Amino acid sequence: NELRKCLASIKIASELKKQGKNDESSKLIEVSIDIARGITVDWEKSIALTEIVRGMSKIGKIEESLIIINEVSDDRQKSLGLTAIAKELAKQGKIEESLIKANEISYEKGKCLALIEIVSELTKQDNWILLEKTGLKISQIAERQNCWKEIAFVCIEKNGHQKALHQFHQLQNEEARLFYLKGWAEIVSENNIDHSCMVESLPYLVNDSESIKNLLQKFALRKVFFEKPDNEKIQRLNRSLNIQWALDIVAQFPKDENNSVRRNFETIKP
């Protein structure tokens, strides 16, 4: 049908843009717009136009996206389009314009998700004052807490787990600090949780038993898969942290294969 045809055209246009075929991409987008505007079922038309907006935003056609988004009637679809526009504007450093677009979203969850995208971009730009101020505007508690975790994810990706751990000091709000550290503890990988990392991180997590347990489990898994702890230590770790599943996996392989198991244990965790 026309909706599928439109969505396929947008996908192809995006791929052409990646290949540097800008003229062909632009022509196909124009074709997609004509198809979308001809759709008679209102919700299908909204989906098609929103996907066009998202596709155009990704390739930097912001002005054109702003025109098309006004033709979207469905609030949820419009929020997706405005989120894409807001994210692209934030990437371009146009934070004020980005926030204006986010605030135009009438669907509250959509607005929250748009603000998280903006905060993520601000984190990449190391704009800590504005990212915290923006995060505090997120009205839904669960989404706001996810926002602080998202900051930790971006920091680990950008700067590595060790520097990211200390960056929580950049945040002033207590909730922001707490959930940033929760996010860090959730995201940091087992192969980074050695003795030194535990000593460094535990003082920051002293009031968060859940995150401490999370890190201790990862520390135990590192011991089992990457090191060769004695049997007494293994049993002590198992009693405290219930890692029998990991011990069972290692036991299934001959000793000369353990190294490959250790290298690939991320793929076999439950």
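This is a predicted model: local features need pLDDT of at least 70, side-chain atom pairs count only at pLDDT 80 or more; totals for chains, interfaces and linings use all residues.
1. The cut-off applied is a pair of cysteine sulfur atoms within 2.5 Å. C147 is in no disulfide, and the nearest cysteine sulfur to that of C147 belongs to C112, 9.7 Å away.

2. Cysteine burial. C147 has a relative accessible area of 1% and is therefore buried. C6 also counts as buried, because its relative accessibility is 0%. The cut-off for buried is under 20% relative accessible area.

3. The chain as a whole. The secondary structure consists of 16 helices and zero strands. Of the 270 residues in the chain, 44% are buried. Taking contacts between residues at least 6 apart in sequence, 58% join residues at least 24 apart.

4. Helices α4 and α5, geometry. Helix α4 covers residues 62-69 and helix α5 covers residues 75-91. Their axes come within 11 Å and cross at roughly 160 degrees. Angles over 145 degrees count as roughly antiparallel, so α4 and α5 are roughly antiparallel to each other. The crossing of these two helices is left-handed.

5. Helices α4 and α5, contact residues. From α4, the contact is made by I62, S65, L66 and I69. From α5, the residues taking part are K78, G81, L82, I85, E88 and L89. Sorted by class, the contact has six nonpolar, two polar and two charged residues.

Methods
Residues are numbered from 1 along each chain as its sequence is written. Side-chain values use heavy atoms; hydrogens and water are left out. Axes are lines fitted to C-alpha atoms, for helices over the stretch in contact, and angles run from 0 to 180 degrees between N-to-C directions. Helices (H or I, at least four residues) and strands (E, at least two) are DSSP runs, numbered from the N terminus. Angles under 35 degrees count as roughly parallel, over 145 as roughly antiparallel, 65 to 115 as roughly perpendicular and the rest as oblique. A crossing is left-handed if the near helix is turned anticlockwise from the far one by less than a right angle, and right-handed if clockwise. Contact means heavy atoms within 4.5 Å. Ala, Val, Leu, Ile, Met, Phe, Trp, Tyr, Cys and Pro count as nonpolar, Asp, Glu, Lys and Arg as charged, and the others, Gly among them, as polar. Buried means under 20% relative accessible area, exposed over 50%, partly exposed in between (1.4 Å probe, protein chains only).
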